[in-house]
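Thanks for making the time this morning.

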Amino acid sequence: MSNFTIPKEVADEITKAVLIDWRDYLQSELDQWEANKGFYLHPDDVNDNKVYIDACNKLIHAFGGE
């Protein structure tokens, strides 16, 4: 059985890209909800999205991003 390894730099870039993608998706939900154009978010989801976006921003920064 062979070991498959990903270089740390590549793994970091993948992680950062996933966090950016998720953060942007969560923000798009909030934007639609705030525009009040028939997009529904449960009140818990509104709060959770804000918490997760903040966490993503901190992690993205830790991985050398924005």
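When I speak of contact, I mean heavy atoms within 4.5 Å. Please keep in mind throughout that this is a predicted model.

With that in mind, let me begin with leucine 41, which, leaving out residues up to four places away in sequence, touches Glu29, Leu30, Trp33, Val46 and Asn49. Leu41 also belongs to the largest nonpolar core, a set of 5 residues whose other members are Leu26, Leu30, Val46 and Ile53. The elements that contribute two or more residues to this core are H1 and helix H2, the latter running over 43–62. As a general remark, nonpolar side chains in soluble globular proteins tend to be buried together.

Glutamate 29 is buried and yet has no salt bridge, the nearest side chain of opposite charge being that of lysine 50, 12 Å away.

Glutamine 32, also found in helix H1, is partly exposed, because its relative accessible area of 37% lies between the limits of 20% and 50%. With neighbours within four places again left aside, glutamine 32 is in contact with Lys37 and Phe39.

Finally, on the surface, Phe4, Ile6, Val10, Ile14 and Val18 form a nonpolar patch with about 510 Å² of accessible area together. Of these, valine 10 lies in helix H1, residues 8–35, and is partly exposed at a relative accessible area of 41%.

Note on methods: Residues numbered from 1 in each chain as written. Predicted model: local features only at pLDDT ≥ 70, side-chain atom pairs only at ≥ 80, totals over all residues. Heavy atoms only, no water. Patch = residues over 30% accessible without salt bridge, like charges linked within 9 Å, V, L, I, M, F, W, Y side chains within 5 Å. Areas by Shrake-Rupley, 256 points an atom, 1.4 Å probe, with all protein chains shown as cover. Salt bridge = Lys/Arg side-chain N within 4 Å of Asp/Glu carboxyl O. Helix = DSSP H or I, 4+ residues; strand = E, 2+ residues; numbered from the N terminus. Buried < 20%, exposed > 50% of the residue type's maximum accessible area, 1.4 Å probe, protein only. Lys, Arg positive; Asp, Glu negative; His and termini not counted. Core = buried A, V, L, I, M, F, W, Y, C linked by side-chain atoms within 4.5 Å.
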